[in-house]
Amino acid sequence: MKKRTFLKIAGAIGAGSILSQLEQLGAKSAVPEKLKNWAGNVTYSTENLVSAKSVAEVKDCLRKTGKLKVLGTRHCFNTIADSKDGFLSLTEMHDAPVLDETAKTVTVDANMTYGRLAPWLEDRGFALHNLASLPHISVAGAVSTGTHGSGEKNGNLSTAVRGLELLTAAGEELGIAGEKGREGRNAAVVGLGALGAITKVTLAVQPAFAVRQYVYENMPLEAALAGFDTIQASGYSVSLFTDWRRKNVNEVWIKERIGAATPFAAKPEWFGAKLAKKNLHPIAELGAENCTEQMGVPGPWYQRLPHFKMGFTPSAGKELQSEFFLPRGRAAEGISAVEKLNEKISPLLLITEIRTIAGDDLWLSPCYRRDSVAIHFTWQQNWPAVKALLPEIEKALAPLDARPHWGKLFTMEPAVLRSRYERLPEFVELAKRHDPAGKFRNEFLDRYIFA
Ligand SMILES: Cc1cc2nc3c(=O)[nH]c(=O)nc-3n(C[C@H](O)[C@H](O)[C@H](O)COP(=O)(O)OP(=O)(O)OC[C@H]3O[C@@H](n4cnc5c(N)ncnc54)[C@H](O)[C@@H]3O)c2cc1C
């Protein structure tokens with residue numbers, strides 16, 4: 001999004017009223033620009049956008065405008081971040097992060113990306129507990145959807161939240177603070193953008209640490225399933241990549257935290273797989289230049305925990321993504337159920353990644369109260385075919401109560417999805433209390449959460 005504040009009026013419903021409201025806020029016209037998500041598969045339904053530079057401007061906007069969605073970095077693949085009415089961008093808020101070395105927290109602007117925050121923390125001797133596969137996403141957008149990395153002892157990125165500064169629909173400040181286990185925090189952190197506009201996020205930090213990663217190629221699926229627990233326990237963060245062809249795990253990425261009680265002994269052969277002799281992309285055919293350093297070379301946590309480097313286009317580019325979270329103890333069952341669909345999946349797939357995540361207490365977290373294994377699909381950008389196949393995958397995983405990633409593509413019926421979140425009715429009540437008129441709701445939230 002361009003730095004300067006701009007506004008473009010789409011001819012549709014409510015445009016007239018939002019125009020006058022935004023004009024009152026001093027928004028200026030500029031070149032029309034269609035807002036799309038990162039993958040380009042979703043063109044957002046309005047170009048009405050206002051940008052706020054301060055909390056006062058956010059409050060003013062919330063009091064004067066109708067329905068809106070707060071924009072993150074637009075990396076979701078579904079319509080959770082879309083709006084037919086208007087967007088509020090916080091990219092012009094540029095406060096420096098505030099580090100509290102005693103409390104071991106950092107407080108950042110909601111729109112700050114992990115890619116900007118991580119080196120800032122490292123320079124001061126601190127680290128976050130984990131990162132997603134790419135660092136380009138905003139902190140508020142990531143924690144609002146339960147974004148995760150890997151590592152059986154690592155909760156998702158939302159579990160690092162120690163506080164949120166949130167403005168309600170009425171423009172009132174709502175500070176949510178608290179240690180793990182505090183109900184307010186548990187209710188609000190994975191909030192899907194439905195509770196209000198987050199302006200600041202406070203995250204737990206820890207002393208900086210170093211990581212090295214090793215990649216193994218071609219592990220027989222049978223060996224990967226039989227040794228699943230040992231493999232997951234062998235690193236701080238472990239990812240299995242497969243294209244589901246030939247009952248084979250194409251690559252296993254082990255991210256070892258240096259100084260771990262049991263260091264990873266990178267043997268040339270391991271569970272039938274061979275240690276890679278060069279850096280690899282998760283899709284082996286693609287060049288590894290945009291991937292983080294491998295081959296056991298130690299480096300700062302933020303240059304090893306994501307798979308993709310900041311400053312490079314991450315992943316494969318033109319793609320779609322889906323992901324389903326299952327109980328960790330049923331990993332082999334879930335992976336085998338998906339494998340049975342391999343002939344239908346592989347032709348549409350770029351790559352699957354299988355990760356483990358520690359359970360948490362966050363009401364709408366896909367890992368709520370269960371240690372989880374997440375089966376992720378990076379698809380070719382062929383939505384009609386993927387849309388036709390997803391119900392088969394969801395049906396195969398239904399006995400395992402699969403929960404879809406909030407920001408990725410799924411076809412599950414809303415009632416089924418709702419049945420998998422026991423705290424959802426309480427969340428709905430909370431959202432209605434802070435946003436009685438549904439200012440922050442969009443079609444996605446109406447369908448899956450509030451219907
Ligand atoms: C290439 C790629 C790799 C990915 N890798 C991973 C991965 O490894 N693990 C994983 O779990 N996910 C992954 N994702 C998914 C991604 O992490 C999520 O979609 C995440 O939500 C992206 O954050 P965002 O800022 O782009 O959110 P957006 O898509 O911009 O917004 C998401 C939601 O958050 C809300 N929101 C954003 N900012 C605010 C705010 N300030 N106040 C209130 N609400 C707000 C929006 O309204 C919306 O509802 C990946 C996505 C891509 C494109």
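Predicted model: local features only at pLDDT ≥ 70, side-chain atom pairs only at ≥ 80, totals over all residues.
**Overall fold**

The protein chain contains 13 helices and 20 strands. Its radius of gyration is 21 Å, close to the 22 Å that the globule rule gives for 451 residues, so the chain is as compact as a globular protein of that length. The C-alpha trace spans about 65 × 50 × 40 Å along its principal axes.

Of the 451 residues, 59% count as buried.

**The largest pocket**

The largest pocket holds about 560 Å³ of space. Its lining is made up of 26 residues, and those closest to the pocket centre are N78, T79, E443, F444 and Y448. By class, the lining residues divide into 8 nonpolar, 9 polar and 9 charged.

Which helices each supply at least two residues of this lining? They include α10, residues 383-397, and α13, residues 443-450. The most is given by α13, with 5 residues.

**Helix α3 and its cover**

Helix α3 runs over residues 114-123, and its buried residues are Y114, G115, L117, A118, W120 and L121. An α-helix has 3.6 residues a turn, so residues three or four places apart point the same way. In α3, Y114, L117 and L121 are among the buried positions, as are G115 and A118.

After α3 comes G125, which has a positive phi, near 85°.

**A56 in helix α2**

A56 is found in helix α2, which covers residues 55-64. Is A56 buried or exposed? The relative accessible area of A56 is 55%, and the cut-off for exposed is over 50%, so A56 is exposed. In sequence A56 and G171 are 115 residues apart, while in space their C-alpha atoms are 9.1 Å apart.

How values were computed
Residues numbered from 1 in each chain as written. Heavy atoms only, no water. 1 Å grid on protein atoms, 1.4 Å probe; cavity = no way out; pocket = protein on both sides within 12 Å on 5 of 7 lines; lining within 4 Å. Points joined across faces, edges and corners; volume = space filled by probe spheres on them. Helix = DSSP H or I, 4+ residues; strand = E, 2+ residues; numbered from the N terminus. Nonpolar A, V, L, I, M, F, W, Y, C, P; charged D, E, K, R; others polar. Rg over C-alpha atoms; globule rule 2.2 N^0.38 Å. Buried < 20%, exposed > 50% of the residue type's maximum accessible area, 1.4 Å probe, protein only.
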